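I set out to record what I looked up in this structure, entry by entry.

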Amino acid sequence: MPDTSGYAFDNTSERAGSRYDVLESTYDPVTFARLAELGVAPGMRCLEVGAGAGSVAAWLAERVGPDGSVLATDIEPRWLGELPAAGNVRVVRHDIAQEDLPEGQFDLIHARLVLLHLPERQAALDRMVRALRPGGRLVLDEFDCGWVPVLSAPSPESAELFERMHDAVMGVLTRAGADIRWGLHAYGALRATGLAEVASATWAEAWVGGSRGIRLHQVNIRDVGGQLTGDGLTDDDLERCLRLLDDPSFAVNSYPLITTWGRRR
């Protein structure tokens, strides 16, 4: 991925596919339920920003039907190769941090875990707001990465190891320009753009060692592991933490997914 994105993870490697698998299997049910509640209907024109591996775009395409359309954009669209098989979906390489969108075009714009990573998040948010039709709705799914309490651990030392490792990973993201608590800040940001009917809802669960969701920590540690040793962690620490994340006696709270939405006046 180009350096201009500020994205700390490598979206061109096979680990990106593993990350998308975890995110989709863990968070898609939550995202789909929220979007359904907000009224995705046949005939709507939708934009999926940072479409990843395309699961949300595919769901939107099914909901809006042949009379609707979905534009799926990503800075690295290689993972979206199967989406064009759906006749109402178009895939476009696009950098929301740097490139404009068609204005006043979309009934619904959705982005999951995109603005959190972007140093230019305010400019990206403004682009999405301008791309809404009057009455159109913007929906953001974002993490609060600052609240990840350890719920159980085989020892106090193992809990402290996870916390040090997680802090180091968050340090890598922060140095790349991420706001790791953006989920908390999205509500105020949407109100500041002038959107109406701004609201939010939060979802979280426990992740037990070896479970589906906790694999996200393992993928992230492996992805940025070479940058963590500068934060006082050793290669042995990394391996011990990866093993800990497979231990069923360990449990940590998932990243809270905070969905925030608002409507263009």
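The entries below concern a predicted model and take up a sheet and then several single residues.

Entry 1: I looked up an open sheet of three strands and found the order 6-9-8, with antiparallel pairing. Strand 6 (150–152) and strand 8 (206–208) each have a single partner strand and stand at the edges, so one side of each lacks a neighbour in the sheet. From one strand to the next, the twist averages 30°.

**Entry 2: strands 8 and 9.** I then examined how strand 8 is joined to strand 9 (residues 251–253): the two run antiparallel and are linked by three bridges. Which residue of strand 9 stands opposite Trp-207? I found that this residue is Val-252.

**Entry 3: Ser-55.** I located Ser-55 in helix 2 (residues 55–64). Is Ser-55 buried or exposed? Its relative accessible area is 17%, and the limit for buried is under 20%, so I recorded Ser-55 as buried. The side chain of Ser-55 makes a polar contact with the side chain of Glu-24, at 3.3 Å. Setting aside neighbours within four places in sequence, I listed Glu-24, Asp-28, Phe-32 and Arg-112 as residues in contact with Ser-55.

**Entry 4: positive phi values.** I noted that Leu-113 is not a glycine, yet has a positive phi of about 55°. Leu-113 lies in the loop between strand 4 (106–112) and helix 3 (121–131), and is buried at a relative accessible area of 13%. Glu-197 also has a positive phi, near 55°, and is a residue other than glycine. I found Glu-197 in strand 7 (residues 196–203), where its relative accessibility of 53% counts as exposed.

Methods
Residues are numbered from 1 along each chain as its sequence is written. This is a predicted model: local features need pLDDT of at least 70, side-chain atom pairs count only at pLDDT 80 or more; totals for chains, interfaces and linings use all residues. Side-chain values use heavy atoms; hydrogens and water are left out. Two strands pair if DSSP finds at least two bridges between them. Helices (H or I, at least four residues) and strands (E, at least two) are DSSP runs, numbered from the N terminus. Axes are lines fitted to C-alpha atoms, for helices over the stretch in contact, and angles run from 0 to 180 degrees between N-to-C directions. Buried means under 20% relative accessible area, exposed over 50%, partly exposed in between (1.4 Å probe, protein chains only). A polar contact is a pair of N or O atoms within 3.5 Å; within protein, one must be able to donate a hydrogen and the other to accept it, and residues adjacent in sequence count only if both atoms are side-chain atoms. Contact means heavy atoms within 4.5 Å.
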